[in-house]
There are 2 protein chains.
Amino acid sequence: MDPDLSALDSFLAEADADGYLIDADSSDSDQRYLSGFDAHDPFFTLYTGDTHLLVSGLEYGRARKESRADSVSRYSDYDYQYGSPEERYRMLAEFLADHGVSSLAVPARFPLASADGLRERGVGVEAETDDVITGIRATKTDAEIDHIREAQRANEKAMARAEELLREATVEDGLLRFDGRALTSERVRREIEIALLREDCALDETIVACGADAADPHDDGSGPLEAGETIVIDIFPKSKETHYLADMTRTFSVGEPSARAREWYELTAEAKEAALAAVEPGATGEDVHDAACDVYEEAGLPTLRDDPATETGFIHSTGHGIGLDVHELPRLAPGGAELKPGHVITVEPGLYDPTVGGIRIEDLVVVTEGGYENLTDYPEEFVI
Amino acid sequence: MDPDLSALDSFLAEADADGYLIDADSSDSDQRYLSGFDAHDPFFTLYTGDTHLLVSGLEYGRARKESRADSVSRYSDYDYQYGSPEERYRMLAEFLADHGVSSLAVPARFPLASADGLRERGVGVEAETDDVITGIRATKTDAEIDHIREAQRANEKAMARAEELLREATVEDGLLRFDGRALTSERVRREIEIALLREDCALDETIVACGADAADPHDDGSGPLEAGETIVIDIFPKSKETHYLADMTRTFSVGEPSARAREWYELTAEAKEAALAAVEPGATGEDVHDAACDVYEEAGLPTLRDDPATETGFIHSTGHGIGLDVHELPRLAPGGAELKPGHVITVEPGLYDPTVGGIRIEDLVVVTEGGYENLTDYPEEFVI
């Protein structure tokens with residue numbers, strides 16, 4: 001199923017531009033999305049209502065087979081001679097003229113040399129800063145939701161492997177041990193990575209953070225894991241085949257945690273339920289964030305909403321869109337926009353304090369006509 | 001040890017620009033190199049002879065500790081208000097003015113919106129298409145060479161694991177089996193990935209290609225591995241810690257290969273030795289490529305040098321620089337520039353024909369004052 005690009009049509013009409021051009025490789029998610037093509041080297045995608053690709057001869061066959069483009073041209077169609085940047089702009093200008101394009105809207109991060117090269121050849125080029133494609137990407141098709149669902153299944157297997165290690169660990173002098181050695185953040189992280197590789201997923205980072213490390217949401221965690229301390233495990237794998245991501249966090253304590261940590265866990269489970277209950281079309285990202293903040297503030301705990309200077313309590317937003325990028329629109333945060341069916345979002349309230357540790361519980365859900373569907377199938381068990 | 005940026009100084013003097021500016025995250029290797037900083041979100045690096053960073057408050061502490069910058073500023077130093085692109089350009093223009101910069105050279109792929117935003121504020125911005133930083137990156141410091149050496153040690157462990165699987169495989173109906181199941185490209189690739197994870201390396205791709213797959217240098221390989229067929233294994237891991245890559249290829253046959261494949265293997269080993277013998281300061285990348293081509297052509301085999309239309313024989317270049325990117329300067333190919341001490345390059349001749357298979361042998365070497373040092377410590381054994 002093709003993406004709904006009507007918002008791009010409206011944008012181009014309003015901007016009075018003939019087309020939208022991306023010059024990037026497919027590590028740029030807007031490029032991957034608009035072209036439906038996966039390539040390591042930069043190529044051109046022109047949208048004029050139809051989608052036209054311009055690629056090197058090496059990529060031509062694959063682009064015709066695999067991309068979502070209505071037409072694919074190759075460099076040799078324009079007698080392109082490798083080596084000179086000027087040749088590249090000449091070719092590009094001719095390609096645009098062939099599609100009747102003399103004025104372009106381009107992404108904010110469009111390459112300057114290409115823009116200047118085109119301008120010198122009389123093509124109007126204006127950078128847009130509305131992130132129009134990123135905005136369109138927020139609403140997922142059924143196929144995209146299935147891709148995310150699949151990545152989430154892999155994620156659950158990796159989380160299960162991590163939980164298994166924690167459950168099988170023994171405790172010595174307050175530290176976890178497994179297989180005769182200290183069980184560290186690094187070892188658990190490696191087993192998560194291996195479990196994901198077996199599911200054909202990759203990941204750049206994984207958080208396995210214990211105690212004071214867990215109290216800093218930006219700390220990946222390192223060193224020996226401790227009994228009775230909070231252990232935050234946050235995994236966001238990307239399918240190597242589809243390139244879509246999933247995201248889930250669970251918090252564990254091996255053995256009895258502090259009374260405070262127990263209380264915070266219950267409160268965070270409650271904040272997550274409250275936030276989920278607020279997810280429905282028409283609600284805003286800010287509404288969902290407010291629902292989580294309400295739970296914490298009613299319990300007398302600090303939030304960034306209540307105290308922008310606080311360094312403990314609920315010190316991040318409630319969630320974010322996810323898809324080809326781990327952080328996409330919409331944001332579940334102050335100013336977060338209206339939720340629409342097809343938005344895939346994380347809901348992940350948490351509490352942090354170096355003297356207590358960190359607690360975060362994160363589910364992945366898709367907004368539906370009637371509310372939401374939770375894509376997460378993993379228990380919430382704190383003390384194991 | 002800091003990189004030698006004198007070529008950038010000369011470039012700026014010639015271009016009559018006050019400074020060089022990069023606006024990118026550190027997945028851009030030029031940005032990582034010039035800043036010495038690792039960040040997921042875009043930040044600014046200004047070079048004026050000294051190196052100045054402009055980063056968000058979130059990154060400020062880490063940038064001061066970890067980057068190679070002479071000074072680090074943060075957005076709040078310029079009263080930056082999040083949300084408006086105009087604010088970003090205003091901040092950037094003030095940051096440039098603080099460093100006495102009113103004209104900039106920038107990379108070809110510098111973001112258009114930032115360039116236009118600065119031009120509107122009176123800053124001269126010109127895209128350079130000489131890839132000046134990429135050129136500087138070709139010559140490695142001792143520390144960089146050590147990083148590559150370390151990644152190569154991990155690479156050798158992964159190759160050993162792959163070879164072990166091939167050696168332990170049994171043959172049934174001409175196909176390799178291991179652990180009661182068909183041994184496929186995919187299974188070997190996964191074990192390579194796991195071996196690299198254990199060495200704290202990551203990789204995007206690995207080639208494990210057999211028979212006709214191996215005859216296409218762009219094919220990653222798939223499906224069951226066959227006895228008596230050429231199996232090309234090409235691994236290019238990246239250290240997660242240093243971000244430097246290594247690269248090595250070996251070709252195996254489990255059991256007796258065809259006489260043709262045996263002959264091609266010997267010839268390729270000879271081409272590699274001839275190419276290596278040509279590596280020294282003052283020789284060009286083209287000289288090294290020519291040495292490999294000579295061996296093949298003398299044996300009556302087609303090369304791209306001899307026949308640009310050939311689809312069999314030696315159908316790629318002899319090698320490439322490697323460092324923060326898997327393909328860097330210099331190129332060991334027609335037009336390849338002069339080799340200099342500190343260049344780290346691959347030397348990887350090969351022969352391809354769907355009726356014979358693929359053969360490639362690849363070592364990783366550093367150019368030294370006296371010639372080269374081979375960074376590869378792995379045997380060449382074809383039939384196992």
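Helices (H or I, at least four residues) and strands (E, at least two) are DSSP runs, numbered from the N terminus. The model is predicted: local features need pLDDT of at least 70, side-chain atom pairs count only at pLDDT 80 or more, and totals for chains, interfaces and linings use all residues. Residues are numbered from 1 along each chain as its sequence is written, chains are lettered from A in the order in which they are written, and side-chain values use heavy atoms, with hydrogens and water left out.

**View 1. A:Asp131, a residue with positive phi.** A:Asp131 sits in the loop between β6 and α6 of chain A. Its phi is about 50°, positive although A:Asp131 is not a glycine. Most residues other than glycine have a negative phi, and most peptide bonds are trans.

View 2. In chain A, the peptide bond from A:Leu329 to A:Pro330 is cis, with omega near -5°. A:Pro330 belongs to strand β16 of chain A. In chain B, B:Leu329 and B:Pro330 are also joined by a cis peptide bond, with omega about -5°. B:Pro330 is part of strand β16 (residues 328-332) of chain B.

View 3. Chain A is superposed on chain B by a rotation of 180° with 0.0 Å of shift along the axis (RMSD 0.0 Å). That is the relation of a two-fold axis. Which residue of chain A comes closest to the rotation axis? A:Leu112 does, with its C-alpha at 2.3 Å. Both copies use the same surface: 100% of the contact residues of chain A recur in chain B.

**View 4. The interface of chain A and chain B.** In this interface, 31 residues of chain A are in contact (heavy atoms within 4.5 Å) with 31 residues of chain B. The chains bury about 2400 Å² between them, 53% of it on carbon and sulfur atoms. Buried area is the accessible area (1.4 Å probe) that two parts lose on being put together, summed over both.

View 5. The rule finds 9 salt bridges between chain A and chain B. A salt bridge is a side-chain nitrogen of Lys or Arg within 4 Å of a carboxyl oxygen of Asp or Glu. B:Arg190 pairs in this way with A:Asp200, their closest N and O atoms being 3.9 Å apart. On the side of chain A that touches chain B, β1 (19-24), α4 (85-98), α5 (112-120), β6 (124-128) and α8 (185-198) each supply at least two residues. The largest share, 6 residues, comes from α8(A).

**View 6. A salt bridge within chain A.** A:Arg137 forms a salt bridge with A:Asp325, and the closest N and O atoms are 3.0 Å apart. The pair links distant parts of the chain, 188 residues apart. A:Arg137 is in helix α6 (residues 132-137), while A:Asp325 is in the loop between β15 (319-321) and β16 (328-332).

**View 7. Two annotated spans of chain A.** UniProt, in an unreviewed entry, lists residues 6-122 of chain A as "domain: Creatinase N-terminal". This span is 43% helix and 21% strand, and its end C-alpha atoms lie 28 Å apart. Residues 147-369 of chain A are listed by UniProt (unreviewed entry) as "domain: Peptidase M24". Here the span is 31% helix and 24% strand, with end C-alpha atoms 20 Å apart. UniProt positions are given in the numbering used here, feature names are shortened, and annotations may be inferred rather than shown by experiment.

Note on methods
Copies are superposed by least squares on the C-alpha atoms of residues with pLDDT of at least 70 in both.
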